[in-house]
Amino acid sequence: MIKLNTNYLKGFVADHEIAYAEDGVNAAAALLDSKNGPGNDFLGWTTLPFDLTTNPEYVKEIELIKDSAKIIKKSSALLVIGIGGSYLGARAVIDLLKSPLYNNLKKDTPDIYYIGNSINPAYLNEVLSIIEDRDICINVISKSGTTTEPALAFRIIREKMIAKYGKDGVRDRIFCTTDKARGTLKKLADEEGYRTFVVPDDVGGRFSVLTAVGLLPMACAGIDIDAVIAGAQKAVEDTVLPYASNDCYKYAAVRNILYRKGKSVELMVSYDPAYAMMSEWFKQLFGESEGKDGKGLFPASVTFSTDLHSLGQFVQDGSNIMFETVIDIKTPKTDIFLENDKDNIDGLNFLTGQNMSMVNRKAFEGTVLAHTEGGVPNIIIEMDKIDEENVGYLIYFFEKACAVSGYMLGVNPFDQPGVEGYKNNMYALLGKPGYEEKRAELEKKLG
Ligand code: PA5
């Protein structure tokens, strides 16, 4: 379903180097399998794809998701409230499988707006004005139930919804995805009688897209979540194969080799704007998992050919700091046939009789050759088409590669101590009770 092509690493990584990496990868994978590595409280995602169809608790949750999606689909708009791991996965899959223009398409599913992923008031006001007279539901997603961005958006929208539908009326419209027992959101949901979905204790935010966190919004967008899960199950099977036939392990090996050779940026490349949010999800997954203890590849992303007209110059010719990981989707969802133009004023008749996807493919081929000649190694991840199975597969493929890569790097891939820094400063500067001393100290620094 997903195939690693290492042909464009020639001159950068030799075949024997990939072979020599086997022991390191196997040691990292063994740490993961034995659950003896750092962060081993957060390995629920490893078995999740099969748990979803075999563990009675998860099976019940999937039924609840489908049932709730039926209710939500009767409304004209769904607001998905969440940030980071509680937002990116759902949006990535919906954009990729449906469209980044999903809201503008003719469809029998609700429009989806994402809020609570920033603290910008203008953006929230704009969404509020769009949905003002519409029939809405919300899915608020927060594992901790205390994250400022979604909590603030939820407080604002809930007040408006109660004013519109009444305290009883909102019960069929507010769906909460959070910890099974802890946190402010769970407490509020229980007190108010809102339907709740569980983020399992042993699944961290950035590994949670295949729980209700991602699956409920996906189901509301009309995505076949069973097929997504089936694709992830296939990936579970393929990513335990021996190194020689395990593309996930080889991908982890190659990025580690390139990192040790001095590359510091992994640039995720796609030729489909629908993939842009998948790259955002990828960036969080790898950035939060590997970027610690002064180590890690910096994950960045571009959409080509769009960004060939901006960052392309840097990739080709700038500081030699990066390698590219290119998602090569062989067949687009739809195509456009190029007709002959009798006047040919634009000089494009040499393309007559071709599909537009062929032009995109030649852009890909030309770019891979140019960039490798410019000193930028290219890892190619091939996928035959965009469908539910392949997307489910890809998600698990990256999750497993990320965990193995993290262990190879000698970090705990499942914590994120670095994100507390800004939060504590922000709370202190906002005057949150308990942060008085810190506030004085920071205000002095700010002058
Ligand atoms: O991966 C992570 O842990 C984070 O990105 C979280 O998902 C993000 O901070 C949101 O946290 P929460 O779901 O607790 O609101």
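Student: How many aromatic pairs does a search of the whole structure find?

Tutor: In this predicted model, a search across the whole structure turns up 17 aromatic pairs.

Student: Take Trp45 and Tyr396, then: what is the geometry of that aromatic pair?

Tutor: Trp45 and Tyr396 form a tilted pair, with 5.9 Å from centre to centre and 50 degrees between the planes. The pair links distant parts of the chain, since Trp45 belongs to helix α3 (residues 44–54) and Tyr396 to helix α15 (residues 388–409), 351 residues apart.

Student: And are Trp45 and Tyr396 buried or exposed?

Tutor: Both Trp45 and Tyr396 are buried.

Student: Okay, why is the pair of Phe286 and Phe398 edge-to-face?

Tutor: The planes of Phe286 and Phe398 stand at 90 degrees, with the ring centres 6.3 Å apart, and planes over 60 degrees apart count as edge-to-face, so the pair is put in that class. Because Phe286 lies in helix α12 (residues 276–290) and Phe398 in helix α15, the pair ties together parts that are 112 residues apart in sequence.

Student: What about the relative accessible area of Phe286?

Tutor: Phe286 has a relative accessible area of 0% and is buried, and Phe398, at 0% relative accessibility, counts as buried too.

Student: Switching topic, where does the charged end of Lys432 sit?

Tutor: The charged end of Lys432 sits over the ring of Tyr427, 4.0 Å from the ring centre. Likewise, the charged end of Arg158 sits over the ring of Phe154, 6.0 Å from its centre.

Note on methods. Residues numbered from 1 in each chain as written. Predicted model: local features only at pLDDT ≥ 70, side-chain atom pairs only at ≥ 80, totals over all residues. Heavy atoms only, no water. Phe/Tyr/Trp six-rings, centres within 6.5 Å; stacked < 30°, edge-to-face > 60°. Helix = DSSP H or I, 4+ residues; strand = E, 2+ residues; numbered from the N terminus. Buried < 20%, exposed > 50% of the residue type's maximum accessible area, 1.4 Å probe, protein only. Lys NZ or Arg CZ within 6 Å of the ring centre and 35° of its normal.
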